[in-house]
Amino acid sequence: MFENLLFGIDGVMATLTINRPDKRNAVNNATVEEIDRALSEVENNPDLRVLILTGTGEKAFVAGADIHELAKRDTLLGRTESRRRQEVYTRIEHLEIPSIAAINGWALGTGLELAMACTLRLASSNAMLGQPEVKLGITPGAGGTQRLTRLVGMGRAMEMILTGDPIDAEHALFIGLVNRVVEPAQLMPEARQLAETLASRPKLALQYAKEAVMRSPEGSLAEGLAHESYLHALSCGTRDKQEGVTAFLEKRDPQFTGR
Ligand code: COA
């Protein structure tokens with residue numbers, strides 16, 4: 001079904017694996033279109049509760065855009081290919097369900113941009129993360145200047161983007177670019193465990209909370225607070241809210257139904 005991806009569903013969990021190991025999982029334009037198609041499958045499957053995104057092998061998550069295609073990018077293609085990647089990565093960011101990037105090695109350029117579009121990031125201890133575009137004479141074009149700045153602040157984003165030098169997983173943890181660092185063999189088990197935790201939470205509360213948090217860097221505090229109130233009110237009307245509060249008062253585990 002896909003040439004450059006592996007896409008699997010296991011119960012409530014979908015796993016999307018960029019699968020071009022001989023190219024260090026570099027994302028070419030065809031891969032972007034396949035990611036977009038896989039996202040349609042995720043969106044159209046109401047049973048799914050979490051998406052894990054990773055790369056094949058232990059060397060690379062994604063070692064950037066495919067440099068053979070970059071070689072052909074002129075001004076016009078630069079604009080269209082940048083916009084297309086932004087669109088597809090933004091689709092990941094706005095999925096109703098949370099996504100986890102399991103960063104199993106190099107996450108460079110479009111690879112880091114892809115990971116940053118996910119809700120959470122786990123890194124293996126051998127991961128290296130960077131925006132090396134300037135070393136090729138270009139600037140990031142798939143969200144790097146915007147999402148990196150929002151995640152780690154302007155000073156740190158500037159340093160990474162202007163030097164183009166990658167940082168290791170521990171430093172990425174220190175600056176808040178990744179949520180956790182684990183040994184390579186533990187990466188997927190840890191990602192699945194985190195996915196199970198997320199899947200055990202009430203679906204709508206997670207969806208609304210994610211939307212509220214994502215709003216926070218946009219607009220004013222007053223707008224953010226108003227939106228938070230609106231989403232909180234929606235969460236108060238769910239069956240899972242009744243169940244969560246009742247279960248606590250009855251000293252039992254809640255049985256959430258996602259409604
Ligand atoms: N696009 C296309 N092919 C790529 C690639 C990319 N972004 N990154 C790696 N490859 C290919 C290499 O050309 C090589 O192919 P070959 O065997 O046909 O020569 C193969 O993947 C293995 O790469 P190699 O460089 O030998 O692996 P490594 O483990 O020594 O180094 C990296 C890994 C990620 C450090 C190195 O491949 C690299 O710097 N890649 C480019 C990163 C980059 O600048 N990306 C673009 C950001 S915009």
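This is a short tour of one structure, stop by stop, for use with your viewer.

Before you start, note that the model is predicted, so local features need pLDDT of at least 70 and side-chain atom pairs count only at pLDDT 80 or more, while totals for chains, interfaces and linings use all residues. Residues are numbered from 1 along each chain as its sequence is written, and side-chain values use heavy atoms, with hydrogens and water left out.

**The sheet.** Select the six strands of the open, mixed sheet, in the order β1-β2-β3-β5-β7-β10. Strands here are DSSP runs of E of at least two residues, and helices are runs of H or I of at least four, both numbered from the N terminus. Two strands pair if DSSP finds at least two bridges between them. At the edges you will find β1 (5-10) and β10 (180-182); each has a single partner strand, so one side of each lacks a neighbour in the sheet.

Next, colour β2 (residues 13-18) and β3 (residues 50-55), which pair in the parallel sense over six bridges. Leu16 stands opposite Leu53 in β3. Show what surrounds Leu16: beyond its neighbours within four places in sequence, its contacts (heavy atoms within 4.5 Å) include Phe7, Ile35, Ala38 and Leu51.

**Out to a helix.** Finally, go to Glu170 in helix α7 (residues 169-174). Is Glu170 buried or exposed? Glu170 counts as exposed, because its relative accessibility is 51%; the cut-offs are under 20% relative accessible area for buried, over 50% for exposed and partly exposed in between (1.4 Å probe, protein chains only).
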